[in-house]
Amino acid sequence: MREIAIVGIGCHLPGGVRSPADLWTLLLNQGDGMVDIPPERWSQERFYDPDPEVPGRLYTRRGGFLQASLEAFDPEFFGISPREAAIMDPQQRLLLEVTQEALDDAGHAGRVDGRAVGVYVGGFTADNMAARHNEATRRAISMHTPTSSSYTMLSNRLSFAFDLRGPSMTLDTACSSSLVALHQAVAALQRDEIEMALVGGVNAMLRPETFISMCKGHFLAPDGRCKTFDKAADGYARGEGAAMLVLRPLQAALADGDRIYAVVRATGCNQDGRTPGITVPSEQAQAELIEIGRASCRE
């Protein structure tokens, strides 16, 4: 099976990460991007309660929030009017920035216009859509509202801004959204449907309602920390940010002298099927998927 090279990376992540080098340094130094919920997002005093059964409250005070303001954006660089940018989903803004940075990093900025480049974005929440489409904001709906916040526009905004002619899709499979987006991008490259792919994910935590919902489902860790594979694990921690990868067939990347971060040999995708609960994973299904990946690597 054809191997796929990762030739460019752009990322804005918690812990002050603004580049692949920043991310590597954070990991080497065992850094921590978890912080108290910023007061400009919502009031801790109003929405926090340690009792998970209290209606309308959340039982965690922390999350992986970006240090930089979500309002810091240069719309004219991307040919967007300030009026449109004012109500645009911050997730679209983040994706535009990290996509430009990923193309710069790959050495392909300004060279993708009109080409068969696919865009595959993982998205899970739509806080801006909830904020723009409700009774309180009904009178503020404008000509820019339809394109300000839908899942569709997370990917289509990039295809439009960079004049990309390959498939453009946003995938929502909850926590696996970005990995499923990667799977779809790799498969399209292996089928020769496209010559290059932009694949990534984004999240912006703008409203308390999603936190409250996750708390009522007892999904979040009270201390705001993931403890994966630890007996003390008691939920996951929410985070925000954006990341984008530039993918090309390995042989094409080598021929053009691209810097190669990593090589993807195979990907796979399945579902748990019927388990004791719709949110409960299946060890068997996950083991089967690993075996599918191993078999693909041997081909």
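Visitor: Let's start with Arg248. Buried or exposed?
Guide: Buried, with a relative accessible area of 7%. Bear in mind that this is a predicted model.

Visitor: Which residue does Arg248 form a salt bridge with?
Guide: That would be Asp256, and the closest N and O atoms of the two are 2.9 Å apart. Asp256 counts as partly exposed, at 46% relative accessibility. There is also a network elsewhere: Asp223, Lys227 and Asp234 are joined by salt bridges that share partners.

Visitor: How many salt bridges turn up in the whole structure?
Guide: A search of the whole structure gives 17. One of them is between the side chains of Asp105 and Arg259, at 2.5 Å from N to O.

Visitor: Where do Asp105 and Arg259 lie, and what does the pair tie together?
Guide: Asp105 is in helix 4 (residues 90–106), while Arg259 is in the loop between helix 9 (250–255) and strand 8 (262–264), so the bridge links parts that are 154 residues apart in sequence. Asp105 is partly exposed at 24% relative accessibility. Arg259 is partly exposed too, at 45%.

Visitor: Switching to helix 6. Which residues are buried there?
Guide: Helix 6 covers residues 151–162, and its buried residues are Leu154, Ser155, Arg157, Leu158, Ser159 and Phe162.

Visitor: Why would residues three or four places apart point the same way?
Guide: An α-helix has 3.6 residues a turn, so residues at that spacing end up pointing the same way.

Visitor: What follows helix 6?
Guide: Asp163, which has a positive phi, near 55°. The side chain of Asp163 also meets that of Arg165 in a salt bridge, 2.8 Å from N to O. Asp163 is partly exposed, with a relative accessible area of 28%, whereas Arg165 is exposed at 56%.

Visitor: Last topic, the surface. Which residues form a nonpolar patch?
Guide: Trp24, Leu27 and Leu28, which together have about 380 Å² of accessible area.

Visitor: Where is Trp24 found?
Guide: In helix 1, which spans residues 20–28.

Visitor: Is Trp24 itself buried or exposed?
Guide: Exposed: its relative accessible area is 55%, and the cut-off for exposed is over 50%.

Conventions. Residues are numbered from 1 along each chain as its sequence is written. This is a predicted model: local features need pLDDT of at least 70, side-chain atom pairs count only at pLDDT 80 or more; totals for chains, interfaces and linings use all residues. Side-chain values use heavy atoms; hydrogens and water are left out. A salt bridge is a side-chain nitrogen of Lys or Arg within 4 Å of a carboxyl oxygen of Asp or Glu. Helices (H or I, at least four residues) and strands (E, at least two) are DSSP runs, numbered from the N terminus. Buried means under 20% relative accessible area, exposed over 50%, partly exposed in between (1.4 Å probe, protein chains only). Patches are made of residues with over 30% relative accessible area and no salt bridge: like charges are joined within 9 Å, nonpolar side chains (Val, Leu, Ile, Met, Phe, Trp, Tyr) within 5 Å. Accessible areas come from the Shrake-Rupley method with a 1.4 Å probe; for residues, only the protein chains shown count as cover.
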